Amino acid sequence: RNNGSFTASDVRDFGYFPPVSGTLTATYNSAAKTISGSARAEGMTVQFSGGPIPDSLYDYDAPASLSAVAGRWNVVSTTGESISINVTASGSVTTSGNGCTSTGSITPRPSGKNVFNISLTFGPAPCALPSATVTGIAVVYPLPTGQTQLIAAVTDSSRTFGVGVFGIR
């Protein structure tokens, strides 16, 4: 990060198995909360741009609240699996899906921003990473429909495994 620009030479594209290395170059405007740039992997370049979603109820500058994420979530992973997630009021997490279970925690980021840190340890096979620990982030935000959206992504420490999940309740 440097004066409105960002570059990374150690990006991983988890759309491949195993994930492939790539690069990312972007510019951002902190005041306008916008970003644009390109990501390159496997000889392909993807352009991207984004900013605040009009009428979004998500407030990045508000502190994350465990009460917003606590409870049961039925989510779908980027690999197409259905997963059940249960989060207690204190931030303990259990997951189950396709014979795989995990336990861990979700905590508000120390920055005070509306983002959570996640840590999960998988159970034995048939989990893709038996007994391994993954870490990542999650955001939870209200939708105009009155429902709530959960988006989370985790990777292992070697960054050879990564998965995202999406759910609405």
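Me: What is a salt bridge?
Reply: Side chains of opposite charge can pair when their charged atoms come close. Here the nitrogen belongs to a Lys or Arg side chain, and the oxygen to a carboxyl of Asp or Glu. The two must lie within 4 Å.

Me: What kind of model is this?
Reply: Residues are numbered from 1 along each chain as its sequence is written, and side-chain values use heavy atoms, leaving out hydrogens and water. Local features need pLDDT of at least 70, side-chain atom pairs count only at pLDDT 80 or more, and totals for chains, interfaces and linings use all residues, for this is a predicted model.

Me: How many salt bridges does a search of the whole structure find?
Reply: One joins Asp10 to Arg159. Lys33 pairs with Asp61, and Asp61 also pairs with Lys113. The search of the whole structure finds three.

Me: How many residues apart in sequence are the parts that Asp10 and Arg159 tie together?
Reply: The closest N and O atoms of Asp10 and Arg159 are 3.8 Å apart. Asp10 sits in strand 1 (residues 5-13), and Arg159 in the loop between strand 11 (148-156) and strand 12 (162-168). Strands are DSSP runs of E, at least two residues long, and helices are runs of H or I, at least four, both numbered from the N terminus. So the pair ties together parts separated in sequence by 149 residues.

Me: Is Asp10 buried, partly exposed or exposed?
Reply: Buried means under 20% relative accessible area, exposed over 50%, and partly exposed in between (1.4 Å probe, protein chains only). Asp10 has 48% relative accessibility, so Asp10 counts as partly exposed.

Me: Which residues are linked in a network of salt bridges?
Reply: Lys33 and Asp61 have their closest N and O atoms 2.9 Å apart. For Asp61 and Lys113 that distance is 2.9 Å. Asp61 lies in the loop between strand 4 and helix 1, and Lys113 in the loop between strand 8 (100-108) and strand 9 (116-122). The network links Lys33, Asp61 and Lys113.

Me: Which residues touch the most other members of the largest nonpolar core?
Reply: A nonpolar core is a set of buried Ala, Val, Leu, Ile, Met, Phe, Trp, Tyr and Cys residues joined through side-chain atoms within 4.5 Å. The largest one has 25 residues. Touching the most other members are Val69, Ile85, Ile106 and Leu150.

Me: Which strand gives the most to this core?
Reply: Several strands each supply at least two residues, including strand 5 (71-77) and strand 6 (82-87). With four residues, the top contributor is strand 9.
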